[in-house]
Amino acid sequence: GGWEMMNFVSIVILCILDQIRFEFVGNVSAFDIFVIFYFWLYVMKNRGLGVFQHDAEIMRLSKCFAALLVVQIVSETLVDNSLQNAARGVAVTAMCYLKFLFVLGLFFKNRSNIVFFLVGTLIANILFFRVNDFFGLGEMNVDFQDVKSGEGIAMAYFKFKISPLINSAAVLLSVWLGFKNLKASIVFIVLGAISIVLGARGNGLILLVSGLIPLFLYERIRWNKKKVFVGAALVLAVGAYSYKMYVDSVLSGKIYGGNAHTQIAKMDNPYNVLELLKIGRTEPFVGLNAFADSPWVGWGAWARDPGMYYNTMLLEIQGARIDKRKLNIDVIPTHSVIVGYGVYNGVLAMLLSVLIIAFFIRCGVIALRRQSIFSFVLTSSLIGLIWDSLFSPISSMRFQLVLYFACIYYIYKMMQYPDLAYRYGYIEKDNQ
């Protein structure tokens, strides 16, 4: 009815507000500001976390976040970082926590809100395509010579704009298909393969794996050791062959997607997957070197790169790009949430961020035991979470990861109450 519509519209507005960002202590969205005020009023009114205080797991998680904040503040004080950078680093953690609780609270208020949020994210992504997110922040490994050519712009557009939309749309479609898992799996696998060929390797991989997991879990195949072994061998063989085909097509110029061509051409042995990962995602590798050089307190958030030492290392690994990156990036490269915490604030911050992420991965894996209309929301949130925590800038902790966290935890909680989940239409009768 009208109430649902109001609810839907307000959630879409929140998703859009999350895309309206301005520079103030890092990248702050209008949604962040709203959440801060809301949270402050909520805590004053309830003298605490209200309904969440009775959830032991949320309270444990809160302790991890609190500890992470303390470690960050201590580290920033010890390394004597600029106040603005220190505040940016602390804000990433604080906003992630506040937004997670806020979004989770919304999910629990109304059973349709999780779907509304997924739709809202899709709409917000259609409305906003901010190139500065990718080029302005210097956190992007786009070959600028490519981007200047028309093909490069089209590719960047596909990779950063169309491909996330494909992922959101696939997830929504899977919820709409409900329990028709096989159909959803096929959609995911086909879209994933297409994305990879068109140059969006990360997103394509997420779709592929998210589509495969439910096939193994829920299609009524009687798994035994032999079948698992044969299945794994098949997946590996098909994977290896597809990768070889992919590299061959890139080398012969048939696939000219994203940075595929420039990266594969630079490899000593293009058929080595690990080497592609190292060239395509060099920043976390370089970040680990920076972490090893100052493991206890880190370097401080968005710390200056001393003498451009790490950026030079980055360019050396990536090959011949030194002349092209005349960008004024003098920050130590990390491009990874976990490595970012380690480089910025040392080993304790890294461990705590791993603990927080592992907590949600565990919840997601447990929730997958029961087939639900959210099976693909779960798999893509899980794979997305793993991918982003390894290979996305630390600021994604307060944007993408919030939605992963909230979706995973909400579904995890609902699966603990099968009768309610059945009443909500989340699971089928025989899955109680």
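**Group meeting: a walk through a helical model**

Hi everyone. The protein chain has 432 residues, and 53% of them count as buried, where buried means under 20% relative accessible area, exposed over 50% and partly exposed in between, with a 1.4 Å probe and protein chains only. Please keep in mind that this is a predicted model, in which local features need pLDDT of at least 70 and side-chain atom pairs count only at pLDDT 80 or more, while totals for chains, interfaces and linings use all residues. Residues are numbered from 1 along each chain as its sequence is written, and side-chain values use heavy atoms, with hydrogens and water left out.

The overall picture comes next. The chain has 19 helices and two strands; these are DSSP runs numbered from the N terminus, with helices being H or I of at least four residues and strands E of at least two. Contact here means heavy atoms within 4.5 Å. Among contacts in the protein chain with a separation of 6 or more, 71% come from residues 24 or more positions apart.

Let's go to a helix pair. How are α2 and α4 packed? Helix α2, residues 30-46, and helix α4, residues 83-109, pack at an angle of about 75°, and their axes are 10 Å apart. The axes are lines fitted to C-alpha atoms, for helices over the stretch in contact, and the angles run from 0 to 180 degrees between N-to-C directions. That makes α2 roughly perpendicular to α4, a label for 65 to 115 degrees, with under 35 counting as roughly parallel, over 145 as roughly antiparallel and the rest as oblique. By class, this contact of α2 with α4 has 11 nonpolar, no polar and three charged residues. For the classes, Ala, Val, Leu, Ile, Met, Phe, Trp, Tyr, Cys and Pro count as nonpolar, Asp, Glu, Lys and Arg as charged, and the others, Gly among them, as polar. On the α2 side you will find residues including Phe-31, Asp-32 and Phe-34, and they belong to a set that meets α4 residues, among them Met-95, Leu-98 and Lys-99.

Now the aromatic residues. A search of the whole structure turns up 22 aromatic pairs. Rings of Phe, Tyr and Trp (its six-membered ring) pair if their centres lie within 6.5 Å; planes under 30 degrees apart count as stacked, over 60 as edge-to-face and the rest as tilted. One of these pairs is Phe-374 with Tyr-426, edge-to-face, at 4.7 Å centre to centre and with 65° between the planes. Phe-374 sits in the loop between α16 (337-367) and α17 (375-391), and Tyr-426 in the segment after α19 (418-423), so the pair ties together parts that are 52 residues apart in sequence. Phe-374 is buried at a relative accessible area of 1%, and Tyr-426 is buried too, at 3%.

Tyr-426 comes back in the nonpolar core. Which residues touch the most other members of the largest nonpolar core? They are Phe-100, Phe-405 and Tyr-426, out of 100 residues in that core. A nonpolar core is a set of buried Ala, Val, Leu, Ile, Met, Phe, Trp, Tyr and Cys residues joined through side-chain atoms within 4.5 Å. Helix α16 gives the most to this core, with 15 residues. Leaving aside neighbours within four places in sequence, the contacts of Phe-405 include Phe-100, Ile-356, Phe-360 and Leu-385.

Staying with α16, Tyr-341 lies in that helix and is buried, with a relative accessible area of 0%. Beyond four places in sequence, Tyr-341 is in contact with residues including Leu-68, Val-92, Ser-353 and Met-397.

Another spot I like is around Ser-210, which is in helix α10, residues 201-218. Is Ser-210 buried or exposed? Ser-210 is buried, at 0% relative accessible area. Apart from neighbours within four places in sequence, Ser-210 is in contact with Phe-188, Phe-376, Thr-379, Ser-380 and Ile-383. Thr-379 is placed in helix α17 and also counts as buried, at 0%. With residues up to four places away not counted, Thr-379 touches Ser-210, Ile-213, Pro-214 and Leu-368.

One last stop. Glu-283 lies in helix α14, residues 282-293, and is buried at 5% relative accessibility. His-335 is in the loop between α15 (309-318) and α16, and counts as buried at 9%. His-335 and Glu-283 are 52 residues apart in sequence, and 5.6 Å apart in space, C-alpha to C-alpha. Thanks, everyone!
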